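The sequence and structure come first.

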Amino acid sequence: MSSMWGIDPGLIYLNHGSFGPTPLMVRESQREWSHQMGANPQEFLSRRFEGLLEETSKRLAENLVTVGDNLIPVENATQGMNLVAQALPLAAGDEVLLTTHEYGAVKRLWQKRTQARGARLVQAPLPLPLESSRQVVEALLGYANARTRLIVVSHVTSPTALALPVEEICRAARQRGIAVCVDGPHAIAMREVNLSRLDCDFYVASCHKWLSAPLGTGFLYVHPRWQAEMRPCIVSWGGTTCGRPPSWKDEFLWLGTRDATGYLAIPAAWEFLQQYGLEKFRGETHDLAAYARERLLSCLRTEPLSADSQEWYGSMVSVPLPDTVDVPKTWTGLPHPLQTRLAEQYRIEVPLMKWGHRMYIRVSCHLYNEASQIDRLCDVLRRLL
Ligand SMILES: Cc1ncc(COP(=O)(O)O)c(C=O)c1O
């Protein structure tokens with residue numbers, strides 16, 4: 001499998017969750033689009049570009065059970081979340097509610113946005129270990145009130161790799177008239193995403209994670225009830241390049257001249273996983289993550305973050321490191337010295353995350369990973385710790 005991805009054969013790559021490599025077949029698809037663009041850039045960018053983006057969004061939408069018109073192509077989830085922040089009307093005293101498991105840059109964005117508006121950011125802890133959806137929904141919604149304008153919740157969390165019950169959260173929020181933005185970069189391909197059933201207000205994702213599309217590909221789903229509210233972060237022509245009738249997306253498609261060949265290769269990434277079998281991919285990578293979890297918990301002698309079930313984690317698992325491992329006081333973005341040592345001395349790429357007052361090790365399992373790599377990681381950790 002690893003030869004289908006072109007991964008360095010001497011490397012143990014356990015970090016698909018941060019930066020997923022792209023299978024060679026998908027890179028080939030992107031190259032083919034680049035050739036077409038190079039053959040006649042004028043035709044490609046001014047006459048075909050918009051139609052190609054729309055066709056790709058339509059095919060992406062079919063896998064997410066929505067319609068292409070509800071999707072805006074973005075470079076990544078960060079860009080999508082910024083568009084949501086730009087659209088959400090926030091007044092002094094309003095609140096935005098997050099879980100304490102949200103991604104660092106997402107917390108920072110909402111911190112800045114709420115501060116600028118005189119609003120408040122509220123972060124809800126969840127009961128650990130996660131065992132029941134009802135507990136999670138009650139814990140989160142327990143922090144909501146009449147001033148809560150938006151809940152931001154990860155479909156699969158970054159530092160703790162937990163799959164949250166987003167359907168139940170959306171249902172409970174709807175009953176209270178609160179909008180929900182689901183932060184979904186880890187869920188695309190790893191979990192079933194049915195946007196019609198979810199009925200959230202916004203869903204943002206990067207396709208370069210578990211779907212393994214090229215870097216710089218993502219989408220923002222906007223429910224029709226919000227489409228008229230959307231405002232661009234980048235102001236460009238704001239119109240159509242090919243003469244179609246005006247659309248709510250006019251401000252979001254042409255963002256200055258850019259290379260969208262990665263986005264056009266998204267269907268090839270779905271095809272790669274569908275050829276393997278999407279359910280088979282999910283099942284096998286979860287089984288390997290479950291193996292990693294069991295091995296790490298027993299070698300590190302720490303406690304799990306959830307019950308042992310595919311309901312609570314998929315192809316990625318996060319396990320607390322012993323409290324003897326140093327925790328940096330402030331997170332500078334620099335890798336932890338132990339992470340650097342694993343990479344440089346043992347050629348194991350695996351992220352160590354600070355969450356709360358503890359360090360966690362997060363292991364991603366994609367199709368090119370195998371149990372012997374987990375065994376090697378555990379042997380090395382045992383030696384180093
Ligand atoms: C939960 C979550 N949200 C948002 C992001 C940001 O994704 P990107 O860097 O692709 O914008 C990440 C990245 O790891 C993430 O894990």
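## Backbone exceptions in loops

Arg-301 lies in the loop between helix H11 (278–300) and strand S9 (316–320); helices (H or I, at least four residues) and strands (E, at least two) are DSSP runs, numbered from the N terminus. The phi of Arg-301 is near 55°, a positive value in a residue other than glycine. Arg-301 counts as exposed because it has 10 C-beta neighbours inside 10 Å. The model is a predicted one, in which local features need pLDDT of at least 70 and side-chain atom pairs count only at pLDDT 80 or more, while totals for chains, interfaces and linings use all residues. Residues are numbered from 1 along each chain as its sequence is written.

Val-65 also has a positive phi, about 55°, although it is not a glycine. Val-65 is located in the loop between helix H2 (41–64) and S2. With 13 C-beta neighbours inside 10 Å, Val-65 is classed as partly exposed. A further backbone feature is the cis peptide bond from Leu-128 to Pro-129, with omega near -5°. Pro-129 belongs to the loop between S4 and H5. Most residues other than glycine have a negative phi, and most peptide bonds are trans.

## Gly-314

Gly-314 sits in the loop between H11 and S9. Gly-314 is buried, because 24 other C-beta atoms lie within 10 Å. Leaving aside neighbours within four places in sequence, Gly-314 is in contact with Val-156, Ala-163, Met-190, Arg-191, Arg-282, His-286 and Ala-289; contact means that the C-beta atoms of two residues, placed from the backbone, lie within 7 Å. Ala-91 is 223 residues from Gly-314 in sequence, and their C-alpha atoms are 38 Å apart in space.

Which residues of H5 are buried? They are Val-136, Val-137, Leu-140 and Leu-141. Seen down the axis of H5, these residues fall within an arc of 115°, so they line one face of the helix; the arc is that of the directions from the helix axis to the C-beta atoms. The face turned away from the buried side of H5 carries the exposed residues Arg-134 and Glu-138. The cover over the buried residues of H5 includes strand S3 (95–99), strand S4 (120–124) and H6.

In helix H6 (residues 166–175), the buried residues are Val-166, Ile-169, Cys-170 and Ala-173. They cover an arc of only 100° around the axis, so they are on the same side of H6. Among the elements covering them are helix H5 (133–141), strand S5 (148–154), strand S6 (179–183) and helix H7 (195–198). Just after H6, Gly-177 takes a positive phi of about 70°.

## Strand S2

In a regular strand the side chains alternate between the two faces of the sheet. From strand S2 (residues 71–74), Leu-71 and Pro-73 point one way and Ile-72 and Val-74 the other, and all are buried. S2 pairs with strand S8 (residues 218–222) in the antiparallel sense over four bridges; strands count as paired if DSSP finds at least two bridges between them. Opposite Leu-71 in this pairing stands Tyr-221 of S8.

The domain assignment gives domain 1 (28–271) and domain 2 (277–384), with bounds that come from an automatic or database assignment. Their C-alpha centres lie 27 Å apart. The contact takes 14 residues from domain 1 and 17 residues from domain 2. On the side of domain 1 that touches domain 2, the residues divide into 10 nonpolar, two polar and two charged. Here Ala, Val, Leu, Ile, Met, Phe, Trp, Tyr, Cys and Pro count as nonpolar, Asp, Glu, Lys and Arg as charged, and the others, Gly among them, as polar.

Leu-381 lies in helix H13 (residues 371–384). Leu-381 is buried, with 21 other C-beta atoms within 10 Å. Not counting residues up to four places away in sequence, Leu-381 touches Cys-299 and Leu-300. The C-alpha atoms of Leu-381 and Leu-342, 39 residues apart along the chain, are separated by 8.6 Å.

## Around the ligand

The residues around the ligand include Ser-18, Asn-76, Tyr-103, Asp-183 and His-186; a residue is near a molecule if its C-beta atom, placed from the backbone, lies within 6 Å of it. By class, this shell has four nonpolar, seven polar and one charged residues.

Technical notes
Buried ≥ 20, exposed ≤ 12 C-beta atoms within 10 Å, placed from the backbone.
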